Amino acid sequence: MDEFEAIVQQQLEIDRNYLREAYKYAIKHSQDPMTATGAVAVKNGRVIVKGANKAPSGVIITPEMMAGPNKYSYLGHAEENIITGSAMMGIPLINSSMYTPRFPCAVPCMRGIINAGFSEVVTHKELQELCADLEPEWLETQKIAAEMMNLAGLRHRSVSCKIGNDIPIRVRGKFYYL
Ligand SMILES: [Zn+2]
């Protein structure tokens, strides 16, 4: 392995670890019984904030809320919850990386990611492909998000890697191991 390959391998291992952190947080903290999403904000080589798709603090979710047509009004997205959580704790997100296995939606997530000052978005290629098949209704908003991200000058890296069989990934009520 030459020096360049060694650097690429090292970066891949770093990216994989942060994606694993996001998946672990999702499966532990998501309140969506169907699809669990998680994300982590990384700055200077450290995870500074974590988020999952869940209700605002203090709002108790009931099965009725989750079964009804307004489910997504109760559940904040993982990326959104990172941004609001950072606001509460007074943690600046400027120049940090948003590790979010699935590509963000346009509203509220990408709008917030851009305005919070993130410099890049890192996604997991294998999950994005799986979700494009299982939940194609998100593709339109992701397309708008990608457009805004490019216009605003944020970098996107789609990382292809094996997450491992120790972390279940819940999509549409089923578990996957990527
Ligand atoms: Zn979103």
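Visitor: What is the strand order of the open sheet, and which are its edge strands?
Guide: In this predicted model, the five strands run in the order β2-β1-β3-β4-β5, with mixed pairing. The edge strands are β2 (46-52) and β5 (155-159), because each of them pairs on one side only. From one strand to the next, the twist averages 20 degrees.

Visitor: What makes β3 and β4 a pair?
Guide: Pairing requires at least two bridges, and strand β3 (residues 97-99) and strand β4 (residues 120-124) share three bridges in the parallel sense, so they count as paired. Within this pairing, tyrosine 99 stands opposite valine 122 in β4.

Visitor: Which helices pack on the sheet, and which strands do they touch?
Guide: Helix α4 (residues 78-89) touches β1 (38-43), β2 and β3, and its direction makes about 120 degrees with that of β2. Helix α6 (residues 125-134) touches β4 and β5, and its direction makes about 70 degrees with that of β4.

Visitor: How do you know that the span of α4 agrees with its number of residues?
Guide: At 1.5 Å a residue, the 12 residues of α4 should span 16 Å, and because its end C-alpha atoms are 16 Å apart, the two values agree. Just after α4, glycine 90 takes a positive phi of about 70 degrees.

Visitor: Why are residues of α4 called buried, and what covers them?
Guide: A residue is called buried because 20 or more other C-beta atoms lie within 10 Å of its own, and in α4 this holds for Ala78, Glu79, Glu80, Asn81, Ile82 and Ile83. The cover over the buried residues of α4 includes α1 (3-29), β1, β2, β3 and α5 (106-116).

Visitor: How is the passage of α4 by α5 described?
Guide: Their axes come within 8 Å and cross at roughly 40 degrees, and the crossing is left-handed. The contact is made by Glu79, Glu80 and Ile83 of α4 together with Pro108, Cys109, Gly112, Ile113 and Ala116 of α5.

Visitor: How many residues has the largest nonpolar core, and which of them have the most contacts inside it?
Guide: The largest nonpolar core has 33 residues, and those with the most contacts inside it are Ala22, Ala26, Ala39, Val40, Ala41, Met98 and Tyr99. Six residues come from α1, which gives the most to this core. Leaving aside residues up to four places away in sequence, alanine 22 touches Gly38, Ala39, Val40, Tyr99, Thr100 and Pro101.

Conventions:
Residues numbered from 1 in each chain as written. Predicted model: local features only at pLDDT ≥ 70, side-chain atom pairs only at ≥ 80, totals over all residues. Helix = DSSP H or I, 4+ residues; strand = E, 2+ residues; numbered from the N terminus. Axes fitted to C-alpha atoms, helices over the stretch in contact; angles between N-to-C directions. Contact = placed C-beta atoms within 7 Å. Expected span 1.5 Å × (residues − 1). Buried ≥ 20, exposed ≤ 12 C-beta atoms within 10 Å, placed from the backbone. Core = buried A, V, L, I, M, F, W, Y, C linked by C-beta atoms within 7 Å. Left-handed = near helix turned anticlockwise from the far one by under 90°.
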